[in-house]
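Hi everyone, thanks for coming. Today I'd like to walk you through the salt bridges in one structure.

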Amino acid sequence: PQYNLYQFSYGILPIIISAIGIIGNILLFAVYCRKKFDKNSLKLYFISLSITNNLVLLSSLRIFFQFHYKMNVEHLSNFSCKFSEYFGFLIPSISAWTLVLISFDRMIKIIFCRRFQIMNKISFQIIALSSIFIINMIVYVPMVVFR
């Protein structure tokens, strides 16, 4: 059958973008999990980024399922509606703030070469990533409560 722009945008395009993105993020994850990158100070940040980006790409596939299979997660229950919307905002913001953290880390290491060595420690990185996750979860709680 002949596809129009709407069918392409909501049917084929999400699958193409998600497939390319998921493959790229899996490769990124595989590269940074290698032993060679154990001493790279950004390893944990990029692993976290690849995981959250894959979650964003997987959640974008709901557009495909809505279009082709008429499966709308939001219509299943009040709970699924609220949390689908919640995670639709939460996961991309965690991904974006992880990019900010990576940029901030690089800036500090360029400006202050020998200072702030604490930023290289895994415990600091885990705390920073956990803080991003928890703060974003708190920021988007009103979506669940008032939706």
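Before the pairs themselves, one definition: buried means under 20% relative accessible area, exposed means over 50%, and partly exposed is in between, with a 1.4 Å probe and protein chains only. Please keep in mind that this is a predicted model, where local features need pLDDT of at least 70, side-chain atom pairs count only at pLDDT 80 or more, and totals for chains, interfaces and linings use all residues. Residues are numbered from 1 along each chain as its sequence is written, and side-chain values use heavy atoms, with hydrogens and water left out.

So, how many salt bridges does the structure hold? There are three, counting a side-chain nitrogen of Lys or Arg within 4 Å of a carboxyl oxygen of Asp or Glu.

Let's begin with the helical pair. Asp105 and Lys109 form a salt bridge, with 2.9 Å from N to O. Both residues sit in helix H3, residues 78-111, and four residues, about one turn of the helix, separate them; helices here are DSSP runs of H or I, at least four residues long, numbered from the N terminus. Are these two buried or exposed? Asp105 and Lys109 are both buried.

Now for the other group. Lys35, Asp38 and Lys43 are joined in a salt-bridge network. Asp38 pairs with Lys43 at 2.7 Å, N to O, and with Lys35, where the closest N and O atoms are 3.6 Å apart. Their surroundings are worth a look, too. Lys35 is exposed at 70% relative accessible area, Asp38 is partly exposed at 39%, and Lys43 counts as buried at 18%.

Terms used: Helices (H or I, at least four residues) and strands (E, at least two) are DSSP runs, numbered from the N terminus.
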